[in-house]
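Trainee: I have a model open and would like to learn how to read its features. Where do we begin?

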Amino acid sequence: MSEPVFQPRGEIPGELAVQVRGLRKAFGPKIVLDGVDLDIRRGEFFALLGPSGTGKTTLLRILAGLELPDAGTVLAARRRTTVYQEPRLIPARRVLANVTLGLPSAAREAGRRALAEVGLDGYARKWPATLSGGEAQRVALARALVRDPEVLLLDEPFAALDALTRLQMQDLVAELCERHRPAVVLVTHDVEEAVRLADRVVVLRDGALAVDRTIDLPHPRDRNAPEFADARRLFLSHLGVTAAVH
Ligand SMILES: Nc1ncnc2c1ncn2[C@@H]1O[C@H](COP(=O)(O)OP(=O)(O)OP(=O)(O)O)[C@@H](O)[C@H]1O
């Protein structure tokens, strides 16, 4: 059930969804990833924080198989799906066709079920242009869900949404991941979002993983709990933000 993404060095251990060793990536003279080691367990919700331009998206793209590393080993479970900041729907296809794009026609029922799961029962025949931003992003989630990913890659999936919709989508993703248990890699700028959702939060800085902290708090998480505030403070300080801590 697993396959090497690049440079195979053997099978990924069964309990892991992602295993990265000595990963290096540069664009011209700019070294973006400089010896990243990372294990993500199956079913683990992992969040990657970091200042802008530190290589979070590059790491995610390498995990997705869209970018080649310069050196290192990347092993990952086979079924990997990405949800981006923008929904990336095909305007000339209806919602259900977008969800099941590239899948056999037998997947239509699963597509309808996925739409129901993201709260879009009855949306199958709508056109993307008629959807709100939040609805379109739910369709993107359904399109990921129907592929039953072992690794769900989320590249700032809530960043373009208004604040209320973002909170609703975070709840939805938490619920879906609780039910389906993919390994999740969430790239986000939002410390609060990372601490709210993830089992484990890592800060990417200067090409390496600087802080790696397990968030062992029950869901749904109480943002007023002292442990929540402590975790938020820790990550903000590692991102160089201290004035905003209260
Ligand atoms: N295809 C590319 N060609 C040249 N440089 C690139 C390419 N992709 C990324 N970079 C550079 O690599 C660095 C890391 O980019 P990346 O998008 O991974 O950062 P990020 O942490 O995701 O940033 P942000 O949080 O702003 O999205 C940046 O300096 C970026 O300009």
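Mentor: Begin just after helix 5, where Arg181 has a positive phi of about 55°. This is a predicted model, in which local features need pLDDT of at least 70 and side-chain atom pairs count only at pLDDT 80 or more, while totals for chains, interfaces and linings use all residues. Residues are numbered from 1 along each chain as its sequence is written.

Trainee: What counts as a helix, and how many residues has helix 5?

Mentor: Helices (H or I, at least four residues) and strands (E, at least two) are DSSP runs, numbered from the N terminus. The expected span of a helix is 1.5 Å times one less than its number of residues. Helix 5 (residues 163-180) has 18 residues, and its first and last C-alpha atoms are 26 Å apart, close to the 26 Å expected.

Trainee: Which residues of helix 5 are buried?

Mentor: A residue is buried if 20 or more other C-beta atoms lie within 10 Å of its own, exposed if 12 or fewer, and partly exposed in between, with C-beta atoms placed from the backbone. In helix 5, the buried residues are Gln170, Val173, Leu176 and Cys177. They lie on the same side of helix 5 because they cover an arc of only 135° around the axis, the arc being that of the directions from the helix axis to the C-beta atoms. Leu164, Glu178 and Arg179, on the other side of helix 5, are exposed.

Trainee: Why does Arg232 count as buried?

Mentor: Arg232 counts as buried because it has 20 C-beta neighbours inside 10 Å. Arg232 is in helix 7 (residues 226-238). Leaving out residues up to four places away in sequence, Arg232 touches Val191, Glu192 and Val195.

Trainee: Which residues surround the ligand?

Mentor: A residue is near a molecule if its C-beta atom, placed from the backbone, lies within 6 Å of it. Phe27, Lys30, Val32, Gly50, Ser52, Gly53, Thr54, Gly55, Lys56, Thr57 and Thr58 surround the ligand. Strand 3 (30-41) and helix 1 (56-64) are the elements that give two or more residues to this shell, and helix 1 supplies the largest share, 3 residues. Within helix 1, Lys56 and Thr58 are among the buried residues.

Methods. Contact = placed C-beta atoms within 7 Å.
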